[in-house]
Amino acid sequence: MNAVVSEIVEKDRRLSPLQVPPTVIEMLDASERASLVARIQRLLVEQDATLVAHYYTSPELQELAEATGGYVSDSLDMARFGTECKSRTLVVAGVRFMGETAKILNPEKRVLMPDLHAECSLDLGCPADEFAAFCDQHPDRTVVVYANTSAAVKARSDWVVTSGIALELVRHLAERGEKLIWAPDRHLGAYVQRETGVDMLLWSAACVVHEAFKADALKRLRAEHPDAKVLVHPESPLDVIAQADVVGSTTGLVEAVRKLPAKKFIVATDNGLFHKMQQVAPDKVFLEAPIAGKGATCVSCAHCPWMAMNGLRNLAQVLETGANEILIDETVRERAVQPIRRLLEFAKQRKRVVLGNNDA
Ligand code: 13P
Ligand code: SF4
C-alpha cells in the first residue's frame, strides 16, 4: 500500500450559517391534511406516478408514500427502487441530488420534486467546475464521490459511493494500488481514511446537520443513560463517531434498532429518522444526540432545512401542474450514470445491499 496521506483540501468548503435556510415545518390542520392526502392519492393514480421519499422527510409524506405503493428509504436505495418501479412518473421527496440520481438512472421517466430549492450542504460545498479543476491537478488519483453531489460532479468521478459501502469499496480500490480523491464530505472521508489507512485527498465540505453533533455533550448524555446504545451516521465528526456502538447509513441505523436487544438508543442523525425507528420498534426509546447551542445558535437543529421543504401542499401542486421536473443534460447524464452503475455492480458482486449494512 502507498504511504498514507490524509490531507484536507486547503479551502474550507463548509457553508456559513447565513447560507443555510431556516428549517420551516409545514403546519396543517386535520381537515386540510385529509383533503391534501385525498387529492394526492387521486393525482398519483391519474398521473401514473409513484412517490419515493427519504427517511428524513415528514411522517405524513413517508406514510403517504408507503400507503400508495411508493417507497421510503435511504438515498441510493430510493434510486434503485425507481429503476424497478413501472410508473411513468417518479415524485422524489428528498433533496435535489436524490431527484437527479433518479433521473440519471431512469432517463425515460419523468422525475418531479416538490421543491427544486431543496439542496444539500455537501452538494453546495462542491461546485463542479472547481472540483473538476482540483481533479485535473491530481490525474494519478481515482475520483470517489459521495452520492450527495450534483450530476456534474458525479460525471467527473470514477466511482459514486454511499456511506453503507464506503469502507468496502475504498479497501477494494486500495488493494488495486489506487490512491484516491474523496469528495465532498470531510467527516465521512476522515472516518474512511482512519478505518482503512488508504491514501486519500479529502475535499472539505460538511453536512450542516451531522457536523453539529457535539462529542462532549454526547459523553455527558451517555453517562446519564448507560443502558443506551449510541447510533451515529458517519457524516458526523470523528469524536462523535468514536463514541458509537453502531456507525451506519440511515438504513443501517434503522436495522440496528430493529436487531439490537437494547431498549434505549441515543441517535446522531437527522431526527426525521425517528419516525421509521419508532415504527420498527414501537417499544423502544430514542434520544437525540446533543447539538451545538440548541435553541439560540443551532443552524439545523438536527433536522435538515432542505428536507423540510417537502410538504403535502407543494407535492399536490407539482402533481397537478407538472412543475419542478428534473432535467439533466444528456452528455452529463451519460457520464454520470457510469460511476453509479459501477457502484451497483460492485455491490451486486459482493452480494451486498448497497445501503443498509451497519458497518459503514
Ligand atoms: P443516506 O444515504 O444514509 O440516506 O444519507 C443521505 C443523507 O443525506 C444523510 O444526511
Ligand atoms: Fe445534505 Fe445533511 Fe441534509 Fe443529508 S442531512 S441532505 S447530508 S444537508
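How many bridges join strand E2 to strand E3? The answer is given in the third legend, and the views below all show a predicted model, in which local features need pLDDT of at least 70, side-chain atom pairs count only at pLDDT 80 or more, and totals for chains, interfaces and linings use all residues. Residues are numbered from 1 along each chain as its sequence is written, while chains are lettered from A and ligands numbered from 1 in the order in which they are written.

**View 1**

View 2. All six residues of strand E2 (residues 49-54) are buried, that is, 20 or more other C-beta atoms lie within 10 Å of their own, C-beta atoms being placed from the backbone. Ala-49, Leu-51 and Ala-53 lie on one side, and Thr-50, Val-52 and His-54 on the other.

**View 3. The neighbours of strand E2.** Strand E2 pairs with strand E4 (residues 89-93) in the parallel sense over five bridges, where pairing requires that DSSP finds at least two bridges, and Ala-49 stands opposite Thr-89. Three bridges join E2 to the parallel strand E3 (residues 71-73), with Ala-53 opposite Val-72.

Notes: Buried ≥ 20, exposed ≤ 12 C-beta atoms within 10 Å, placed from the backbone. Helix = DSSP H or I, 4+ residues; strand = E, 2+ residues; numbered from the N terminus.
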